[in-house]
Amino acid sequence: MRTSHLKPLLLSLLASLSLAACSPQYNWRDYSSQDAPFRVMFPDKPATHAREVDLDGMKVKMTMTAAQVDGTMFAVGSGVAPDADKAEAAVAAMKTALVRNIGATIKSEKSGKSSAAAGSATARSSAIDIDASGVQKGVPMRLVGHFEARDKRFYQVIVMGKEKDISQEQVDMFMSSFKLQ
């Protein structure tokens, strides 16, 4: 019958489609920070840099680990504040600075607080998730961010790039892989 000739063709077509779905430019790899208790999957080999930043008057050392693929930045920043209140203030300051950086308008924002996190009855935790659009040098940009404070530590997890080049699948992969340890 003719179905025996179609089977190898169908298998070949399915294999080609599955290979096309796996973009070689995204080489996902597990990363554990040496500076802060988090893990995340980066789409390429990340680089890490630390410097002092001013977050609304609070000067702190912030470590940024990032990888860039086709102009889209995938990054995790972390730092330690003097206390939990200042860590929460740092989260708000980071969000505001990044949104202003691309002259963005926040399309969606979700925030939450918790008095118990990471298995500790005394840990404080708060988080803000945003999706924003803006323009940088005349180019439409998108910023997807997760900003979190856990006790004295604070984190920013972002994907930022040209709006037309950001794949929601890649954003979801990166954001969902971020875990505090």
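# Burial and salt bridges

User: Is glutamate 88 buried or exposed?
Analyst: This is a predicted model: local features need pLDDT of at least 70, side-chain atom pairs count only at pLDDT 80 or more, and totals for chains, interfaces and linings use all residues. Residues are numbered from 1 along each chain as its sequence is written, and side-chain values use heavy atoms, with hydrogens and water left out. Buried means under 20% relative accessible area, exposed over 50%, partly exposed in between (1.4 Å probe, protein chains only). Glutamate 88 has a relative accessible area of 19%, so it is buried.

User: Which residue meets the side chain of glutamate 88 in a salt bridge at 3.0 Å, N to O?
Analyst: A salt bridge needs a side-chain nitrogen of Lys or Arg within 4 Å of a carboxyl oxygen of Asp or Glu. At 3.0 Å, N to O, the partner is arginine 124.

User: How many residues apart are glutamate 88 and arginine 124?
Analyst: Helices (H or I, at least four residues) and strands (E, at least two) are DSSP runs, numbered from the N terminus. Glutamate 88 sits in helix α2 (residues 84-101), and arginine 124 in the loop between β6 (105-114) and β7 (125-136). The pair links distant parts of the chain, 36 residues apart.

User: Which residue is linked with Glu88 and Arg124 in a network of salt bridges?
Analyst: By the salt-bridge rule, the count comes to 10. One network links Glu88, Arg124 and Asp85.

User: What is the relative accessible area of serine 78?
Analyst: Serine 78 lies in strand β5 (residues 72-80). Beyond four places in sequence, its contacts (heavy atoms within 4.5 Å) include Ala36, Phe38 and Tyr155. Serine 78 is buried because its relative accessible area is 4%.
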